[in-house]
Amino acid sequence: MERYGSDTDRDEQETPLLHRVHEDKVQKAPACCSSRYGLALLSSYGFFVVYSLRVNLSVAMVDMLNTTHQTTVNHSNSVCPAHANPARPKHNHTASVYDWDSETQGWILGSFFYGYILTQIPGGYLAGRYGPKWLMGLGILGTVVFTLLTPVAADLGASYLIAVRILEGIGEGVTFPAMYTMWAAWAPPLERSRLLTISYIGAQLGTVVSLPLSGEICFYLDWTYVFYIFGAVGLVWFVLWACLVFDSPNTHPRISEQERLYITTSLKNELSTSSSYIPWRAIATSKPLWAIVVAHFSYNWTFYTLLTLLPTYMSNILGFSIQANGMLSALPYLGCAVLAVVSGQVADHLRETCLYPTVIVRKSFSIIGMIGPAVFLVAAGYIGCNYTLAVTFLTISSALGGVSASGFNINHLDIAPSYAGILLGITNTFATIPGMVGPVIARALTKNNTIEEWQAVFYIAAAINLFGALFYTVFGRGTVQPWAVHSFYSHGD
């Protein structure tokens with residue numbers, strides 16, 4: 001029993017070999033057309049919807065504001081010389097515009113996370129208790145419904161829009177804990193990096209597609225269609241999810257027997273069979289868990305700052321039009337999506353083929369994925385109006401962040417697969433705080449929209465990222481912790 005949860009180097013080195021012994025008892029099921037990779041693709045579509053609905057307001061906000069006080073339509077109030085802004089179709093001026101100051105904008109953009117934080121830990125608990133399929137499905141469906149109501153809420157007033165965004169956050173808050181709970185039953189240990197990066201790349205793709213497409217929709221139609229179109233995409237996903245997804249391999253009616261045995265056999269020594277027992281005290285005092293908490297919080301400060309305010313930076317500082325804004329704001333997340341998938345393949349190759357200890361892989365990928373973005377984010381604040389370098393540095397910063405997808409981001413499944421949903425709920429609760437306060441602080445610091453003000457925003461994000469990387473490097477672990485295999489110990493195996 002000592003092999004699980006010990007923090008010695010010997011235990012970390014044995015982990016990949018143990019997984020290979022467990023998985024070699026049954027023939028590895030092919031990936032092509034498998035149920036587990038089908039789940040990865042459909043969950044990726046789900047996270048595409050989640051992030052599309054989360055970020056589309058960032059672009060729409062640029063078009064929702066009353067700019068009639070400006071001397072021209074070409075963003076003449078931007079710090080850098082404005083770019084050519086093609087004439088917009090006349091019919092797209094039918095949507096309402098609003099006189100919201102920068103502080104109100106910050107609260108609207110951050111309000112989503114006030115709801116999001118409420119359902120993180122309950123989401124992990126409910127997914128383990130009642131199953132993750134319907135929890136995730138209904139959570140996203142609720143978000144879709146409130147997204148469709150966004151234009152009505154905006155017309156009623158800023159406070160109504162804030163309330164709707166909070167309710168959207170409540171629905172989305174259960175998604176990641178629910179999906180981690182599902183992956184605890186579906187992902188063989190040596191395929192975790194591959195499966196989870198495929199699953200969660202949907203979040204990056206949702207951002208990549210939503211930002212430029214929202215800009216085009218605003219340009220050719222009006223901002224209200226941003227919410228109607230992405231809401232419809234979410235409804236389609238819910239129908240597919242309800243019909244095709246099941247909580248575990250043992251409840252899936254169409255999975256092959258070979259794949260079912262492969263998955264269940266590979267996980268049999270990692271999952272606690274006592275689902276009603278939750279070691280809350282051990283969880284709360286686990287250093288490896290707190291290492292993930294700090295890393296997740298730190299990474300998300302940079303991620304959410306850019307996610308909510310990059311379109312504003314592109315418009316107010318670099319002077320890009322609404323049409324170019326969405327496309328350029330999406331580039332960083334395209335790079336992030338690509339490196340996330342690549343890092344997943346490399347991480348599992350290092351663990352399975354090269355036999356690198358899990359803890360070394362997780363820490364190395366976390367360092368690259370957190371310190372790299374910090375360096376390029378700070379650099380982006382010092383290139384003035386060099387548009388090419390600004391976009392390049394911001395893209396590299398976010399792209400390197402994708403490497404952390406195979407670092408601390410999936411470490412919950414390494415240290416406690418039976419309670420992965422609850423652990424993700426805990427870490428995501430803390431990691432949501434940057435989304436709540438980051439935009440508000442950033443907008444408070446950039447009231448005059450000067451380059452120097454934005455440098456301060458970038459410095460704060462970089463410093464927090466650096467601290468998180470160092471903390472995780474010291475306290476992170478890669479083995480299943482003793483408290484996570486409760487019944488395994490109690491049976492004396």
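Mentor: A term to start with: buried means under 20% relative accessible area, exposed over 50%, and partly exposed in between, with a 1.4 Å probe and protein chains only. This is a predicted model, where local features need pLDDT of at least 70 and side-chain atom pairs count only at pLDDT 80 or more, while totals for chains, interfaces and linings use all residues. Residues are numbered from 1 along each chain as its sequence is written, and side-chain values use heavy atoms, with hydrogens and water left out.

Trainee: OK, how much of the protein chain is buried?
Mentor: Buried residues are 61% of its 493 residues.

Trainee: And how many helices and strands?
Mentor: The protein chain has 20 helices and zero strands, taken as DSSP runs numbered from the N terminus (helices H or I, at least four residues; strands E, at least two).

Trainee: Which residues touch the most other members of the largest nonpolar core?
Mentor: M64, W100, M179, W183, L196, W223 and W241, out of 123 residues. Such a core is a set of buried Ala, Val, Leu, Ile, Met, Phe, Trp, Tyr and Cys residues joined through side-chain atoms within 4.5 Å. Helix α2 (residues 35-64) gives this core its largest share, 16 residues.

Trainee: What does M179 touch?
Mentor: Leaving out residues up to four places away in sequence, M179 touches L39, S43, F47, M136, S199, Y200 and W241. Contact means heavy atoms within 4.5 Å.

Trainee: Switching topic: which residues of α13 meet α15?
Mentor: On α13, A295, S298, Y299, T302, L306 and Y313; they meet G369, M370, L377 and A380 in α15.
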